[in-house]
Number of protein chains: 2
Amino acid sequence: MSDKREHILIEAEKLFGERGFDGTSVRDIAQCAGVNLAMISYYFGSKEKLLESLVVFRAEYAYGILEELNKDQSLSPWDKIDRLIDFYVDRILNNLRFHNIMYQESTAVRSEEIKEKIIAIKMRNLDQITKIITDGQQKKLFRQVDIPMTVGTIMGTISSYTQSRAYSCNILAIREDTDDEAYRAKLSPRLKAHLKQVLRAHLDIRNEDREGKD
Amino acid sequence: MSDKREHILIEAEKLFGERGFDGTSVRDIAQCAGVNLAMISYYFGSKEKLLESLVVFRAEYAYGILEELNKDQSLSPWDKIDRLIDFYVDRILNNLRFHNIMYQESTAVRSEEIKEKIIAIKMRNLDQITKIITDGQQKKLFRQVDIPMTVGTIMGTISSYTQSRAYSCNILAIREDTDDEAYRAKLSPRLKAHLKQVLRAHLDIRNEDREGKD
DNA sequence: AATTCTCAATTAAACGTTTGTTTAATTCAA
DNA sequence: TTGAATTAAACAAACGTTTAATTGAGAATT
């Protein structure tokens, strides 16, 4: 992929993440990327095709990481869960803008083609995580859980703090105009600690549902 | 509020939820509500003011429920958590469209005024849930947890299955064109069961973090 | 009781922008 | 000299909003 194409994609990603797909005009993208308006159609064909290119461009990476994590025999299932959380929190917080587009595919995107691509990516990633959890169950470390829902809990918890920055800043007790890096530095460890605590309790076979709750 | 005003709000809610705020034109709303285009400006002033009216219209209800749940002395903290989950799953699944707008306030809404209103509502609801959890902690039933993050887990888990219907249908193994009621009937009990299992393990004081994980 | 008056409700049409995309001309390195 | 890269300009369509005219039911006046 040419440098210029990639540069346009990255600038578009920023804008889509900040203002949404509909809220971003092709003129905005062209201006931020420092290219002529017509170059977007020239390179990508259309605004929707640009989004499709962006999805493909970003999606390849994640799957490779998950696959590698899965294969690593030196890590226990518990280690893998921790790494999984670290990976997703870091990845989402570092690609905030892109994640917001991928995550809420239903409202932002009208193209069936892109929707199907996004779902395929999500299902593929779910497969990898399923392998990690079933492995932990076979080793009698994890109990029975609803795996897709558990993945939803991980992704959803992170997303609930990336989809509305203003609320997030309120919770973290920081100014809303805090720069991205400082924002991540505050949010990341807290999200990781919370998610690990939740999943440790949720997955641990010793926490099987008790009869009486109190 | 006049019948016609309310009728326009409800139709707008459907469209915003399906197509997003930017993806819905005032002409769409007028047509679906069966009123003249100019009536939207006449009643609400502008498209953004319409959204603001919608937020106010829908937000009052939730707070009342949470307040009442909190005051109920006959319920144990565990019961209240269960009721909380039931309430939120039902509420969000029954107002899918509206929830998606509220939830992703950052991208869809440009008006600072509306953003502030939404955040105020979220913070107010967080206060009520905080009271429920701290009460459980004082009664030595719940352990120490990150309360705002825990609320994020509840809302995020639900949202991850409401923001992208196509993915959700894939997980539930149902056709994507399944009608709303059948969709809810499948999703609702599964979400509730999962969230209750997660929160039971997460909050239970007997599941205090152990030294070794395995 | 019949008429006029009043004003909110409703309408079709037009407003000026902004949108995504295309055209046709130009640049420029190979 | 060739052809891809780049440009400014123009395109039609859709957008949110406003205008000015019309309707129609209830209050006031005769």
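Around DNA strand C lie 16 residues, of which Ser25(A), Ser41(A), Ser46(A), Asn36(B) and Ala38(B) are the closest; a residue is taken as near a strand if its C-beta atom, placed from the backbone, lies within 6 Å of that strand. The elements giving two or more residues to this surface are helix H2 (26–33), H3 and helix H4 (47–71) of chain A, together with H3 of chain B. Helices here are DSSP runs of H or I with at least four residues, strands are runs of E with at least two, and both are numbered from the N terminus. With four residues, H3(B) gives the most to the surface near DNA strand C. By class, this surface divides into eight nonpolar, four polar and four charged residues, where Ala, Val, Leu, Ile, Met, Phe, Trp, Tyr, Cys and Pro count as nonpolar, Asp, Glu, Lys and Arg as charged, and the others, Gly among them, as polar.

The model is predicted: local features require pLDDT of at least 70 and side-chain atom pairs count only at pLDDT 80 or more, whereas totals for chains, interfaces and linings use all residues. Residues are numbered from 1 along each chain as its sequence is written, while chains are lettered from A and ligands numbered from 1 in the order in which they are written.

The largest share, four residues, comes from H3(A). The surface near DNA strand D comprises eight nonpolar, four polar and four charged residues.

Chain A contains eleven helices and zero strands. Its C-alpha atoms fill a box of roughly 65 × 40 × 30 Å along the principal axes. Of its 214 residues, 37% count as buried; a residue is buried if 20 or more other C-beta atoms lie within 10 Å of its own, exposed if 12 or fewer, and partly exposed in between, with C-beta atoms placed from the backbone. Among the contacts in chain A with a separation of 6 or more, 68% involve residues 24 or more positions apart, a contact being a pair of residues whose C-beta atoms, placed from the backbone, lie within 7 Å.

Chain A is superposed on chain B by a rotation of 180° with 0.0 Å of shift along its axis (RMSD 0.0 Å). The two copies are therefore related as by a two-fold rotation axis. The superposition is by least squares on the C-alpha atoms of residues with pLDDT of at least 70 in both copies. Among the residues of chain A, Gly156(A) comes closest to the rotation axis, its C-alpha at 1.9 Å. The same surface serves both copies, since 100% of the contact residues of chain A recur in chain B.

Between the chains, 48 residues of chain A are in contact with 48 residues of chain B. On the side of chain A, two or more residues come from each of helix H6 (96–103), helix H7 (105–108), H8, H9, helix H10 (165–172) and H11. H9(A) provides the largest share, nine residues. This side of chain A has 16 nonpolar, 20 polar and twelve charged residues.

The largest nonpolar core has 51 residues, and those with the most contacts inside it are Ile85(A), Ile158(A), Ile85(B) and Ile158(B). Such a core is a set of buried Ala, Val, Leu, Ile, Met, Phe, Trp, Tyr and Cys residues joined through C-beta atoms within 7 Å. Two or more residues are given to this core by helix H5 (77–94), helix H8 (112–138), helix H9 (147–160) and helix H11 (180–203) of chain A and by helix H5 (77–94), helix H8 (112–138), helix H9 (147–160) and helix H11 (180–203) of chain B. Apart from its neighbours within four places in sequence, Ile85(B) is in contact with Ile154(B), Lys192(B), Leu195(B), Lys196(B) and Leu199(B).

Within H8(A), the buried residues are Ile114(A), Ile118(A), Ile121(A), Lys122(A), Ile129(A), Ile133(A) and Gly136(A). Thr130(A), also placed in helix H8 of chain A, counts as partly exposed because it has 15 C-beta neighbours inside 10 Å. Seven of the eight residues of H6(A) are buried, so H6(A) is largely enclosed by the rest of the structure.

Terms used. Two residues are in contact if their C-beta atoms, placed from the backbone, lie within 7 Å.
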